[in-house]
Amino acid sequence: MKEMRFTLYGEAEGVLGSAKETHWATVAQGVVTDASVSARTQGVLPGISAKAAKALVPGIVLEDEPDEPTSVMRAIWERLWASSPWLETVGKRVFLLQIPGRTPPLREARNLLLSLEEQLSEEQRIRAGLAENPFLARALVEWSRLERVPEALYYKVGRQQWLLSPSLAAWLRKGGPYAPFGTWVHNLPLAALWTLPAESKDRLLKLGVSRLGQLEQIPKPHLFRHFGKEVLLWLRLLDQEPGGTVRVNYPPVQRKKVWIAPLGEQVEVAHMEELLQSLTGELAVELEQAACGALNVRMDWESDVAEGSFERVTKKPAYTAEALQAALWPGLDAFRGSALRRLEVSVADIRPLQSVQSSFAIKNGAFVPSEEVSRNDLSRLLYHVNRKFPKGLQVGLRPTFRELRLKAVLEDAHHGG
């Protein structure tokens, strides 16, 4: 079995609020967007109105949804990314993580959820689904909210809720991959299909269609007449392939380090190089720990007389302090003033670094890189052939007759001159 990527889809619950009470919810435009575990057990779920939440739990604390993801959610994303670079963050509390392997990564997923529990309180938890591709992983979680998914496995990892798709569950029972993958999605309730507009769901229910697979039972001309060409996208959901891809968007597209002079204590320009080395060194440590490099390096400064910036786009991802400094060094010439107030170094367009595994061969009882062995063998071949047939073999392109004649003419002219 060749290696494939399994997808873990997860939603963090109770991570957007800051209230100390056990019953609370966050609200945006009059609609609940998140709630504590205790509030959820009493029916306060995302999507209901704030008035309905008050009616269900009269003493509930309502907060405005924060503009940015909370520190708890950022810590969760950071921990996820440390386990796999294929991480997609969605909104302020959702993630898709792909884990490669030849078999379903049950141990890896369990250990990951256990490590996340250490960062969550009693009123916070994660509901996650492991499936064959990103769509199926989310479908598993969405379906589980409405009813129990047939033949799926349900696990409890501490306080975290974890589901295993029916196909992967069959894989475990049979001791090998179960084909075809994803056929269980045919029974997905349309109410759990997040890509389908509410109006279309109502119209399909009136036609007697309540499950995704029932779309095949209706003639396509009839579906086209009622819903248009969009039906083709719905029918494609019935054919699922393992693997798939996620839109990797983590870590954040920019990292930066800032130095600001204390009030009234500006430093001389001579210290700018020292500060630049310090800031790039701190950034390099973060990039190396994250196994990433940056294709865009930028420096912004503020002096006693002016402000300025310098930006450099690199051909290869830069991740060492020396590479970052080399990219920014020419920008020092643009500095104007005698004292430095503020210096900011930032990197953007961050890319994961790809490691290359070197192959080795046994040569004279020792491990030697295969490239070096091949290079030595080629040199030996060239030596023996050219000794018997002078200039019979050479490395690189052989010059043409015209190039050789031009070279001879130029050398003759040079010596004659």
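**Contacts, cores and loops**

Colleague: What share of the contacts in the protein with a separation of 6 or more comes from residues 24 or more positions apart?

Modeller: Residues 24 or more positions apart account for 64% of those contacts, where contact means heavy atoms within 4.5 Å. Please keep in mind that this is a predicted model, in which local features need pLDDT of at least 70, side-chain atom pairs count only at pLDDT 80 or more, and totals for chains, interfaces and linings use all residues. Residues are numbered from 1 along each chain as its sequence is written, and side-chain values use heavy atoms, with hydrogens and water left out.

Colleague: How many helices and strands does the protein have?

Modeller: There are 13 helices and 16 strands, taken as DSSP runs (H or I over at least four residues for helices, E over at least two for strands) and numbered from the N terminus. The protein is more spread out than a compact globule, because its radius of gyration is 31 Å, well over the 22 Å that the globule rule gives for 417 residues. That radius is taken over C-alpha atoms, and the rule is 2.2 Å times the number of residues to the power 0.38. Along the principal axes, the C-alpha trace spans about 100 × 70 × 55 Å.

Colleague: And how much of the protein is buried?

Modeller: Buried residues make up 41% of the 417, with buried meaning under 20% relative accessible area, exposed over 50%, and partly exposed in between (1.4 Å probe, protein chains only).

Colleague: Which residues have the most contacts inside the largest nonpolar core?

Modeller: They are Leu-80, Phe-95, Ile-126 and Leu-343, in a core of 57 residues. A nonpolar core here is a set of buried Ala, Val, Leu, Ile, Met, Phe, Trp, Tyr and Cys residues joined through side-chain atoms within 4.5 Å. Helix α10 (residues 272-289) gives the most to this core, with seven residues. Apart from it lies another core, of 34 residues, among them Leu-96, Trp-143, Leu-188 and Phe-227.

Colleague: Going back to Leu-80, what does Leu-80 touch?

Modeller: Not counting residues up to four places away in sequence, Leu-80 touches Leu-87, Phe-95, Leu-97, Leu-112 and Leu-116.

Colleague: What about Val-305, buried or exposed?

Modeller: Val-305 counts as exposed, at 61% relative accessibility, and lies in the loop between β12 (292-303) and β13 (307-318). Leaving aside neighbours within four places in sequence, Val-305 is in contact with Arg-336 and Gly-337.

Colleague: Where is Leu-168 found?

Modeller: Leu-168 is found in helix α6 (residues 166-174), and is buried, with a relative accessible area of 0%. Beyond neighbours within four places in sequence, its contacts are Phe-6, Pro-104, Leu-130, Ala-131 and Glu-132.

Colleague: Last one, about the backbone: what is the phi of Gln-29?

Modeller: Phi of Gln-29 is near 55°, a positive value in a residue other than glycine, whereas most residues other than glycine have a negative phi. Gln-29 lies in the loop between β2 (24-28) and β3 (31-35) and is exposed, with a relative accessible area of 84%. Glu-151 has a positive phi too, near 65°, and is found in the loop between α5 (134-146) and β8 (153-157).
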